[in-house]
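Thanks for coming. I will keep this short, so please look at the slide while I talk.

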Amino acid sequence: MWHACWKRRAAWHLVLDDVQELALPIPIERGQLGPWRPSPDVVTQMLQQLPHLRP
């Protein structure tokens, strides 16, 4: 199993599936080392590029 080379015991790992590249970059705060909640402005920018996704 190829995941064994990067995962650590007693830690959570996310495997992203069906990732879509955005045409325009979305600015985020630097230094985010873990999961973060995007601001409403970031969500709006993302949904403009991915209209089929709705909260």
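I will start on the surface, where Leu14, Leu16 and Val19 make a nonpolar patch of about 380 Å². Bear in mind that this is a predicted model.

Is Leu16 buried or exposed? Exposed means over 50% relative accessible area, and Leu16 counts as exposed because its relative accessibility is 67%.

Now the chain as a whole. It has 1 helix and 0 strands. Of its 55 residues, 9% are buried. The chain exposes about 5800 Å², and carbon and sulfur atoms supply 58% of that area.

Next, the empty space. Rolling a probe the size of a water molecule over the atoms shows where such space is left. The largest pocket holds about 360 Å³. Which residues line the largest pocket? Among them are Leu14, Leu16 and Val19, the three that make the nonpolar patch. The lining also includes Ile26, Pro35, Met46, Leu50 and Leu53. By class, the lining has 9 nonpolar, 1 polar and 1 charged residues.

Asp18 is another residue of that lining, and Asp18 is charged. Asp18 counts as exposed, because its relative accessibility is 63%. What is the phi of Asp18 near? It is near 60°, a positive value in a residue other than glycine. Most residues other than glycine have a negative phi.

That is the end of my part.

Conventions: Residues are numbered from 1 along each chain as its sequence is written. This is a predicted model: local features need pLDDT of at least 70, side-chain atom pairs count only at pLDDT 80 or more; totals for chains, interfaces and linings use all residues. Side-chain values use heavy atoms; hydrogens and water are left out. Helices (H or I, at least four residues) and strands (E, at least two) are DSSP runs, numbered from the N terminus. Buried means under 20% relative accessible area, exposed over 50%, partly exposed in between (1.4 Å probe, protein chains only). Accessible areas come from the Shrake-Rupley method with a 1.4 Å probe; for residues, only the protein chains shown count as cover. Patches are made of residues with over 30% relative accessible area and no salt bridge: like charges are joined within 9 Å, nonpolar side chains (Val, Leu, Ile, Met, Phe, Trp, Tyr) within 5 Å. A salt bridge is a side-chain nitrogen of Lys or Arg within 4 Å of a carboxyl oxygen of Asp or Glu. On a 1 Å grid over the protein atoms alone, a cavity is a set of points where a 1.4 Å probe fits but cannot get out, and a pocket is an open set with protein on both sides within 12 Å along at least five of seven lines; lining residues have an atom within 4 Å of a point. Grid points are joined across faces, edges and corners, and a volume is the space filled by probe spheres set on the points.
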